[in-house]
Amino acid sequence: MIAAQIEKIKALLPKEVTLVAVSKFHPAKQIEEAYRAGQRVFGESRPLEMFEKVDILPKDIDWHFIGHLQTNKIKYVLPYVKMIHSVDSEKLLYSIDKFSSLNSLTTKLLLEVHIAQESSKQGFSKEELLSLLEKLKSSPLRSSKICGLMGMATFTNDDKQIRGEFRFLKDLFEQVKSLHPELSPDFKELSMGMSGDYHIAIEEGSTIVRIGTQIFGER
Ligand SMILES: *Cc1c(COP(=O)(O)O)cnc(C)c1O
């Protein structure tokens, strides 16, 4: 069942798009099933849950952290992840950089942009993002790399609304690329698209999709 779902999704994704299988709230046994089907990239959103899974699952898994991260939980996450998708504040960004530096890590991260209508979702506004990147020009990060942007669209059946939000993020991504050549060549990922909207996200230029429910079922 899990293997069949992964096959089905992979068949729909362009080759260059990375599939993050979002395994949050699902037991290690289900992750093993996906692993046996060849999946190596998994997404988790809670620090301690990820920390426990890392310990018992195969070492060649690439873990992506996609949830809201509090600065006091950084130590459970940073040493084990391939990428953090959800850097949503300046304070978190500098804390990640500091921890990385002190622990001789190089952390790959994405800056989360608020593109949805719901205020419950996290992320920088376009203006906040652009001013942060301007500021970083004079005080660059030491031990982390900004590899792109992440966003979550509004939870709605209105495809036009979702498409508009993804298009906004893609435009911002291109704008940042041209305004900030100092971020190249790391700045190349656009993480957008979940179970309900990834088909739209890939049409709008996503390079990473984060899919949970469609692989593992309801949480
Ligand atoms: C849970 C989650 C997903 C996966 O959502 P599904 O609808 O189950 O595919 C993707 N991205 C983030 C940030 C999430 O928290």
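Residue numbers start from 1 along each chain as its sequence is written, and side-chain values use heavy atoms, without hydrogens or water. Because the model is predicted, local features need pLDDT of at least 70 and side-chain atom pairs count only at pLDDT 80 or more, while totals for chains, interfaces and linings use all residues.

**View 1. The residues around the ligand.** Twelve names to look for here, each with a heavy atom within 4 Å of the ligand, are Val22, Lys24, Ile66, Met150, Met152, Met194, Ser195, Arg210, Ile211, Gly212, Thr213 and Arg219. Polar contacts are pairs of N or O atoms within 3.5 Å; within protein, one atom must be able to donate a hydrogen and the other to accept it, and residues adjacent in sequence count only if both atoms are side-chain atoms. A ligand oxygen sits 2.7 Å from a side-chain N or O atom of lysine 24, and a ligand nitrogen is 2.8 Å from a side-chain N or O atom of arginine 210.

**View 2. The largest pocket.** On a 1 Å grid over the protein atoms alone, a pocket is an open set of points with protein on both sides within 12 Å along at least five of seven lines, whereas a cavity is a set where a 1.4 Å probe fits but cannot get out; lining residues have an atom within 4 Å of a point. Points are joined across faces, edges and corners, and a volume is the space filled by probe spheres set on them. The largest pocket comes to about 620 Å³. Its lining has 28 residues, of which Lys121, Met152, Phe155, Met194 and Arg219 are the closest to the centre. That lining divides into eight nonpolar, 13 polar and seven charged residues, where Ala, Val, Leu, Ile, Met, Phe, Trp, Tyr, Cys and Pro count as nonpolar, Asp, Glu, Lys and Arg as charged, and the others, including Gly, as polar.

**View 3. The largest cavity.** There is one cavity of 30 Å³ or more, and the space in the largest is about 30 Å³. Around it stand Glu112, Val113, His114, Ile115, Ala116, Lys121, Gln122, Gly151 and Met152.

**View 4. Serine 191 in strand 7.** Strand 7 covers residues 189–191 and holds this serine; helices (H or I, at least four residues) and strands (E, at least two) are DSSP runs numbered from the N terminus. Serine 191 counts as buried because its relative accessible area is 0%; the cut-offs are under 20% for buried, over 50% for exposed and in between for partly exposed, with a 1.4 Å probe and protein chains only. Its side chain makes a polar contact of 2.9 Å with that of histidine 85.

**View 5. Phenylalanine 173 in helix 7.** Helix 7 carries this residue, which is buried at a relative accessible area of 3%. Beyond neighbours within four places in sequence, phenylalanine 173 has contacts (heavy atoms within 4.5 Å) with Gly148, Leu149, Phe187, Lys188, Glu189 and Leu190.

View 6. Most residues other than glycine have a negative phi, and most peptide bonds are trans. Serine 184 and proline 185 are joined by a cis peptide bond, with omega about 5°, and proline 185 lies in the loop between helix 7 and strand 7. Phenylalanine 25 has a positive phi near 70° and is partly exposed at 43%. Serine 104 has a positive phi of about 55° and is exposed at 70%.
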